[in-house]
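Student: Could you walk me through how to read burial and strand pairing in a protein model? I would like the general idea and then the case at hand.

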Amino acid sequence: MGLLDGLKSVLGVKAEADATRDADPEDLFGMSTAFITMEADLGYTPTGDAALCFGDVDSTDFQDAKDEVETILEAGEDETGTVAEFTEDAHGYQWVVLHDDDFEDLVTSIHFAADTLIERRYGSRLLAALFGFEDERTGDPVYWVYSFRRGAYYPFAPDPDRDHERNTTAEFKLESNLDGELTVEGDKEFWYPLWPDRAGDHPWE
């Protein structure tokens with residue numbers, strides 16, 4: 001996937017220095033109601049995909065923490081139907097990618113994965129959680145991105161037909177309708193684009 005080097009500074013070191021509030025994994029449960037507004041009021045349906053992005057640590061203990069997340073998510077697949085994939089991108093970032101038609105299960109699983117890493121004292125490695133949606137009329141993708149270093153959400157709407165172009169109209173529409181229901185990042189400098197390698201793909205692909 002096409003995360004640029006700037007991701008580390010914007011969602012990582014720089015965002016940590018400029019943090020406006022502490023990240024709280026409980027913020028992720030805000031999507032449990034926001035997705036209803038997205039679908040009922042704005043015409044955006046969940047794609048059934050969500051993902052957690054975090055930096056790697058070259059240690060046995062961190063590998064044990066990732067193994068714990070993987071083991072429990074896999075054990076829960078029979079109960080919830082949530083399918084989890086664990087991948088590493090070309091820039092060395094780690095991803096837990098989840099697939100489930102039940103949006104509540106996606107939120108719960110993302111929260112579990114993030115909370116487990118925090119409990120294992122690796123919360124500083126968490127970068128972002130993404131929830132995928134698409135426009136019912138056009139099929140264009142949009143995402144809500146939660147920045148752990150900023151403790152806030154922001155919308156990301158890549159143009160599916162043009163590389164590295166954003167649908168700012170869609171992003172501002174999402175901001176104006178969901179601000180208050182979600183904690184939306186007020187400084188648009190931190191609405192960092194998570195470009196995929198190819199237009200139309202998900203950021204984690």
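Tutor: Happy to, and keep in mind that this is a predicted model. Let's begin with a single side chain: Lys66 sits in helix H3 (residues 60-80).

Student: Is Lys66 buried or exposed?

Tutor: The idea is to compare relative accessibility with a cut-off, and buried means under 20%. Lys66 has 12% relative accessibility, so Lys66 counts as buried.

Student: What does Lys66 touch, leaving out residues up to four places away in sequence?

Tutor: Its contacts there are Phe54, Asp56 and Gln94. With Gln94 there is also a polar contact, side chain to side chain, at 3.4 Å.

Student: Now a whole helix, please. How do I read which way one faces?

Tutor: Start with the geometry: an α-helix has 3.6 residues a turn, so residues three or four places apart point the same way. Now try helix H5, which spans residues 168-178.

Student: Which residues of H5 are buried?

Tutor: They are Ala170, Glu171, Leu174, Glu175 and Leu178. Viewed down the axis of H5, these buried residues fall within an arc of 135 degrees, so they line one face of the helix. On the other side of H5, Thr169 and Ser176 are exposed.

Student: What covers the buried residues of H5?

Tutor: The cover includes helix H2 (31-40) together with strands S1 (44-54), S5 (141-147) and S6 (152-156). While you are there, look just past the end of H5: Gly180 takes a positive phi of about 110 degrees.

Student: S5 is part of that cover. How many residues of S5 are buried?

Tutor: For a strand, check each face in turn. In S5, seven of its seven residues are buried. Pro141, Tyr143, Val145 and Ser147 make up one side, with Val142, Trp144 and Tyr146 on the other, and both faces are covered.

Student: How many bridges join S5 to S6?

Tutor: Five, and these two strands run antiparallel. Here Tyr143 stands opposite Phe156 in S6. The hairpin of S5 and S6 has four residues between the strands, with Gly151 at a positive phi near 65 degrees.

Conventions. Residues are numbered from 1 along each chain as its sequence is written. This is a predicted model: local features need pLDDT of at least 70, side-chain atom pairs count only at pLDDT 80 or more; totals for chains, interfaces and linings use all residues. Side-chain values use heavy atoms; hydrogens and water are left out. Buried means under 20% relative accessible area, exposed over 50%, partly exposed in between (1.4 Å probe, protein chains only). The arc is that of the directions from the helix axis to the C-beta atoms. Contact means heavy atoms within 4.5 Å. A polar contact is a pair of N or O atoms within 3.5 Å; within protein, one must be able to donate a hydrogen and the other to accept it, and residues adjacent in sequence count only if both atoms are side-chain atoms. Two strands pair if DSSP finds at least two bridges between them.
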